[in-house]
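User: Please take me through this model one feature at a time, giving the general idea behind each feature and then the case at hand.

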Amino acid sequence: MNSIPSGNNYGDMKRKSLILLTLILLIVVHCRKKTEEILLPEKLYIIPFANNTVSIYHSLDTLERVSAFEKDKYWVVSGILKLVPKNQGDKVISFLFGDCDSRFKCTDGKFYIKLNTIQYNADAGLDLQTNLVAPFSPVYIAKKDQVDSIIEGIQFYNQPSSEYPSKGLSDSFVDHMVQVNKSLAYHDKNEFLIPFYVLQRMIVTKGNVNFPELDLTTYKISSTLQSLMDAKKNGDLSSFVFPTPVSDKQMKVLEELVEETRKERIFNLMNVEKSWQTIQREYKELGIVPDAKQKVLESILKTAEYKVVGREGITQINGIDSKQENGVKLQKNKTTGNLEIVSSNTALNTFEIAQSEILPNTEDSVKLRLTSPTGEELNLESMGIPKAFKGAETLKEYVKNIPKTIDEIQSNANNVQQAAMNAALRFGVGKFDREAGKYIYEIQNVNVVLALFKNNSVFNASDSEYSQEVSSRFGETIITKFYQKYDKATKVQTLFLNYENEGCARECSTYPVPDNLCFTTGDSLIVKFTPSDLEALSEVDVKFSAAKSEYCNYPFGNPE
C-alpha cells in the first residue's frame with residue numbers, strides 16, 4: 001500500500017523539499033553572520049536570459065570581474081555546487097560557486113555569481129519571488145533534466161514569432177512566465193499573454209474555439225498560432241498537428257489573467273468620464289483582448305432603445321426588453337461566436353455582427369455602425385445615453401456630494417485614503433491617466449496636506465498641533481516625532497519627521513536618523529486611484545512628491 005507515492009503526493013513531497021531548501025537559503029542570506037559554505041543538494045545549471053548580462057567573479061578576495069554572460073545567447077553554465085556567504089562590512093553577501101565555463105579564463109576553473117543578481121530561479125530550490133524583476137530575469141537556474149525545455153521556453157518567450165515547442169513548455173517555465181505577467185502593469189501584459197492564451201485555448205479545443213473581433217495584428221504572434229489560424233480559415237484543421245498544451249491548472253491561471261485585463265479595460269471604458277471621441281478610440285482597441293468588445297457591445301445594445309438609420313421597413317429597435325414594442329433578442333451565433341440581433345420585423349430578421357464601431361458624436365447618444373459577415377451595414381443611434389455608460393456621469397455626481405471643507409471631508413471619510421481621494425477631487429488638479437488606468441491628482445494646498453498628514457492612524461493630531469511625540473514601528477524603523485515649521489518672512493511651511501532604526505548584533509540598540517523633510521510649500525501630495533474606488537475603496541495610492549524619506553508616506557498607508 002505504501003510502496004509508490006501517487007503523483008500528487010510526489011509533487012507535495014517535492015514542493016516541501018524545495019520550500020525547506022528555500023527557507024535555508026533565505027536564512028543564510030538574511031540572518032547568517034558567519035561565512036560557512038552551504039553545499040547544494042545537487043548540481044544546478046545557469047541559463048542566461050537574452051538581452052541581459054550577469055557579472056562573473058573568479059576571486060572573492062578582490063571581487064575582480066572575470067567576464068559576463070554574453071547577450072543574445074542561449075547557453076548553459078553547468079555546475080553550481082554551493083552557496084558561499086562573505087562578510088562585507090556589517091553585511092553578508094552570498095555567492096553561488098561553481099565550475100567555470102571553458103570560454104571564461106578562470107585560473108582555477110571556478111567562478112562566483114552574486115546571489116542578488118539571481119532574480120528568479122525556477123523550482124531548483126532558490127525560489128526568491130520577492131526579487132522578481134519583469135519582464136526578463138538575468139538568469140534562470142535549473143536542474144539537469146530541465147535545461148533543454150527551459151532553453152526552448154526562453155527562446156519562445158523572447159522571440160514570440162518563433163515555433164511553439166511541439167512537446168510544450170516545461171511546467172516550471174510556464175509558472176515563471178505567469179508570475180512575470182502577474183507583475184506587469186495591465187497595459188503591458190498583453191504583448192505575450194494574449195497571443196499565448198489564444199494559442200493555448202486553440203490547442204486545447206483543437207482549433208474549434210472562436211474569438212469574435214479579436215485583433216491579433218498588433219502582436220508578434222508565434223508561427224504556430226499563425227499556422228493554426230490559417231488552417232482554421234482554410235478548412236485544413238484536420239491535417240494540423242497540435243502541440244502539447246499547458247496543464248489545466250496553468251490554463252485556469254491564464255484565463256484569470258486575461259479576465260482581469262478584460263474587466264479592467266471594460267470598466268475603464270464604461271466608467272470613466274471622457275469624450276465620445278476617446279470612447280470611440282478605446283472601443284476599437286478592445287479588439288485586442290478576447291471577447292471584450294463583444295461583451296461591451298452586448299451591454300450597450302441591452303441598455304437602450306435605438307433609432308435605425310437608413311433602413312427601409314424598420315425605424316426603431318428596443319434592446320432593453322425583447323417583449324416590448326420593437327423589442328429584439330440578442331444571442332450568439334453558435335458557429336462563429338458573433339453576436340446576433342434577432343427581430344420579428346422581416347426588414348431585419350437576424351443580423352449577425354462581424355464588426356462594430358462607435359462613431360464620433362457630440363450629442364447625448366451613441367452612434368453605432370454594425371457590419372455583417374457579408375458586408376451589410378446596420379446604423380443605429382441610441383435614444384439617450386445607454387445605461388451601460390452610467391460611469392460617464394459617475395465622477396461628476398460623486399464630486400457634487402464631496403463636502404466643501406477639509407474638516408468635513410475627514411470626518412465623513414472611513415480612512416485617510418478615502419479622505420485623500422475626496423480632498424484631491426475637491427482641492428486638487430488632475431485627470432484620468434489612460435496608460436496607468438488611474439486618476440492622478442495633485443494637491444498643493446498646504447493646509448489640506450497638513451490636515452491629511454496629521455489625521456490618520458499613525459498620529460491622529462489636531463490641526464493646531466505643530467509637533468507630536470509618537471512611537472509607530474515599521475519593521476526595524478520607529479517613527480518618533482513629527483513637527484512643522486512656518487517662516488513668517490517667506491510664508492514657507494515645512495513638515496519634518498524624526499525616526500530611529502533598531503539593530504541587533506550581540507545586543508540590540510537603536511540609533512536616531514537625522515531629520516527628514518517630508519513636505520514644503522510648493523511640493524505636492526500625489527493621489528492615485530482607480531475609477532472603481534469611487535464606488536468601493538480598494539487601494540488608493542497617496543504619496544509626497546519630494547519626500548526625502550519613504551517613511552513620510554507611511555501615515556497615508558492602508559490601515560492594518
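## Reading the features

Analyst: Asn349 has a relative accessible area of 39% and is therefore partly exposed, the class between buried (under 20%) and exposed (over 50%), computed with a 1.4 Å probe on protein chains only. The model is a predicted one, in which local features need pLDDT of at least 70 and side-chain atom pairs pLDDT 80 or more, whereas totals for chains, interfaces and linings use all residues. Residues are numbered from 1 along each chain as its sequence is written, and side-chain values use heavy atoms, without hydrogens or water.

User: How many helices and strands does the protein chain have, and what percentage of its residues is buried?

Analyst: The chain has 12 helices and 23 strands, and 49% of its 560 residues are buried. Its accessible surface comes to about 29,000 Å², with carbon and sulfur atoms holding 47% of that area, as computed by the Shrake-Rupley method with a 1.4 Å probe, where for residues only the protein chains shown count as cover. Among contacts (heavy atoms within 4.5 Å) with a separation of 6 or more, 55% are between residues 24 or more positions apart.

User: Which residues is Asn516 in contact with, leaving aside its neighbours within four places in sequence?

Analyst: They are Leu495, Phe496, Leu497, Tyr499, Lys548 and Ser549. Asn516 has its place in strand E21 (residues 508-520), and at 10% relative accessibility it counts as buried.

User: Which cysteines form a disulfide, and what is its handedness?

Analyst: A disulfide is a covalent bond between the sulfur atoms of two cysteines, and it is assigned here when those atoms lie within 2.5 Å. The count comes to one, formed by Cys518 and Cys552 with their sulfur atoms 2.0 Å apart. The torsion about the S-S bond of Cys518 and Cys552 is about -75°, so the disulfide is left-handed. Cys518 lies in strand E21 and Cys552 in the segment after strand E23 (541-544), so the pair ties together parts that are 34 residues apart in sequence. Both Cys518 and Cys552 are buried.

User: How many salt bridges are counted, and which residues are linked in a network?

Analyst: A salt bridge is a side-chain nitrogen of Lys or Arg within 4 Å of a carboxyl oxygen of Asp or Glu, and seven are counted. Arg201, Glu255, Glu259 and Arg262 are linked in a network of salt bridges, within which Arg262 and Glu259 meet at 2.1 Å, N to O. Both of these residues lie in helix H6 (residues 248-270), three residues apart, about one turn of the helix; Arg262 is buried at 4%, whereas Glu259 is partly exposed at 25%. In helix H8 (residues 292-302), Lys302 and Glu298 are four residues apart, again about one turn, and their closest N and O atoms are 3.3 Å apart. Arg369 also forms a salt bridge, with Glu377, at 4.0 Å between the closest N and O atoms.

User: Which ring does the charged end of Lys485 sit over?

Analyst: A charge sits over a ring if NZ of Lys or CZ of Arg is within 6 Å of the ring centre and within 35 degrees of the ring normal. The charged end of Lys485 sits over the ring of Phe496, 5.1 Å from its centre.

Definitions and conventions
Helix = DSSP H or I, 4+ residues; strand = E, 2+ residues; numbered from the N terminus.
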